[in-house]
Protein chains: 2
Amino acid sequence: MARTLYELSGKSDRRFSPFCWRTRFALAHKNLTVDLVPVAFGEKEKIVFSGQQLVPVLVDDGATISDSWKIACYLEEKYPRAPSLFGGATGQAEALFINHWCDKSVHPPLVQAIIFDVFNNLRAEDQRYFRETREKRFGKSLEALYAERETHLANFRRTLEPARAVIGTQPFLGGAAPNYADYILAGTLQWARLASPQEALATDDTLRAWRDRVFGLFDGLANKVPAAA
Amino acid sequence: MARTLYELSGKSDRRFSPFCWRTRFALAHKNLTVDLVPVAFGEKEKIVFSGQQLVPVLVDDGATISDSWKIACYLEEKYPRAPSLFGGATGQAEALFINHWCDKSVHPPLVQAIIFDVFNNLRAEDQRYFRETREKRFGKSLEALYAERETHLANFRRTLEPARAVIGTQPFLGGAAPNYADYILAGTLQWARLASPQEALATDDTLRAWRDRVFGLFDGLANKVPAAA
């Protein structure tokens with residue numbers, strides 16, 4: 001069966017989107033192969049068929065689904081005999097909490113810490129639009145955000161306290177085995193790893209061992225991609 | 001069967017501990033009745049048998065369990081035929097995340113917003129110890145924290161963004177029905193309600209409807225207790 005994932009692509013075809021990585025992990029968890037199609041910021045015409053402008057977009061068995069959370073829910077329902085992404089209805093309900101936590105509490109400080117690095121990892125023709133929209137959003141220049149990066153990075157690391165506490169007593173956010181809850185946050189750390197030379201986690205952060213476990217899954221799916229230089 | 005919960009008690013026997021409320025909700029969810037024993041800050045001798053100094057402490061069928069999370073896990077295992085608090089292993093693993101999120105991200109700004117009100121709701125003989133330990137912890141006077149309360153309250157409200165987003169698409173944090181994930185955060189809001197005359201949630205906060213739903217459970221268990229004046 002043809003299955004295609006449209007994912008964000010930067011300079012030198014660098015695929016760093018945290019939301020696309022959530023879907024990459026979810027597909028691997030479900031043992032599903034997929035053709036990957038890169039979509040640069042300036043190539044939104046490639047996904048116009050999806051009726052919206054954001055990646056990831058999954059085309060599967062004639063269905064078109066956008067939004068990483070909706071894709072995960074679709075995969076869970078469509079492929080119930082493959083390993084579960086959520087471990088039941090309650091696990092799914094609470095994974096949505098972790099999804100929103102990551103988007104609303106973790107990403108805001110992280111994006112400010114690495115946004116200038118993200119900018120430098122975009123194709124030249126995409127940089128102007130990115131700079132204009134982001135500088136308007138944050139009310140300051142990308143260079144100003146870069147100058148403040150240590151503060152934003154410290155704020156980001158603080159937001160991870162709940163995950164750190166959980167990993168102190170169980171190997172994965174999903175419990176004894178990894179599930180979509182882990183892929184949500186792992187996608188965020190993969191984003192930082194691929195878009196920025198800054199180390200997202202401090203040297204002594206106990207989340208590093210968890211990250212290694214998740215990045216090593218599926219034959220090292222996440223680790224196979226070289227980190228940002 | 002004798003079952004006893006030792007819970008924190010303030011001035012005029014006000015029982016506002018968020019951790020004790022988590023256990024109150026959990027017991028009600030499991031349809032378990034319980035004898036309640038008040039423990040003021042200066043009455044730690046009442047729980048010395050538990051081998052530690054914090055409430056809640058549950059004594060059930062000869063077992064002594066302290067720590068609200070451990071109590072919830074104990075109840076789930078001990079009473080498997082009563083309604084589930086977690087909805088399975090994954091739900092339990094992810095509820096632990098929500099538990100840590102509440103303790104580590106939500107409580108710090110809230111406690112600073114309401115700590116002077118908490119102080120005013122303690123017995124006179126407990127206030128000195130409370131003031132000394134808390135002023136040392138925060139490096140400023142309770143009155144200084146009170147003067148900053150609007151800032152701390154705004155910070156607290158911001159930490160609730162993930163819960164707000166979840167409740168935008170499902171009635172409870174636990175999904176279609178309430179479970180321990182809801183009781184964790186409801187305990188926090190009950191703490192604010194019983195210890196402080198400040199309204200924890202803004203007038204237009206969409207979490208108010210969720211709070212009403214949870215506070216109305218079990219014949220209005222939470223609502224029966226009068227709010228702080």
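Helices (H or I, at least four residues) and strands (E, at least two) are taken as DSSP runs and numbered from the N terminus. The expected span of a helix is 1.5 Å times one less than its number of residues. The structure is a predicted model, in which local features need pLDDT of at least 70 and side-chain atom pairs count only at pLDDT 80 or more, while totals for chains, interfaces and linings use all residues. Residues are numbered from 1 along each chain as its sequence is written, and chains are lettered from A and ligands numbered from 1 in the order in which they are written.

Helix α4(B), residues 124–138, has 15 residues and reaches 21 Å from its first C-alpha to its last, close to the 21 Å expected at 1.5 Å a residue. A residue is called buried if 20 or more other C-beta atoms, placed from the backbone, lie within 10 Å of its own, exposed if 12 or fewer do, and partly exposed in between. On this criterion α4(B) is hardly covered, with a count of 0 buried residues among its 15. Just after α4(B), B:Gly139 adopts a positive phi of about 70 degrees. Helix α8(B), residues 180–195, has 16 residues, which should span 22 Å at 1.5 Å a residue; its end C-alpha atoms are 22 Å apart, in agreement. In α8(B), 16 of the 16 residues are buried, so this helix is largely enclosed by the rest of the structure.

The sheets were described next, with two strands said to pair if DSSP finds at least two bridges between them. In chain A, 4 strands form an open sheet of mixed pairing in the order β2-β1-β3-β4. Its edge strands are β2 (35–39) and β4 (63–66), each of which pairs on one side only. Strand β1 of chain A (residues 3–8) is joined to β2(A) by 5 bridges, and the two run parallel; within this pair, A:Glu7 has A:Pro38 as its bridge partner. In chain B, 4 strands likewise form an open sheet of mixed pairing, in the order β2-β1-β3-β4. There β2 (35–39) and β4 (63–66) stand at the edges with a single partner strand each, so one side of each is left without a neighbour in the sheet. Strands β1 (residues 3–8) and β2 of chain B run parallel and are joined by 5 bridges, and B:Thr4 stands opposite B:Asp35.

Contacts between the chains were counted for residues whose C-beta atoms, placed from the backbone, lie within 7 Å. In total, 26 residues of chain A are in contact with 26 residues of chain B. On the chain A side, α3 (89–120) and α7 (161–167) are the elements that give two or more residues, and the largest share, 13 residues, comes from α3(A). Within chain B, B:Tyr180 is in contact with B:Ala26, B:Ala72, B:Leu85, B:Phe86 and B:Ala95, neighbours within four places in sequence being left aside.

A:Asp13, in the loop between β1 and α1 (18–29) of chain A, has a positive phi of about 55 degrees although it is not a glycine.

Technical notes
Two residues are in contact if their C-beta atoms, placed from the backbone, lie within 7 Å.
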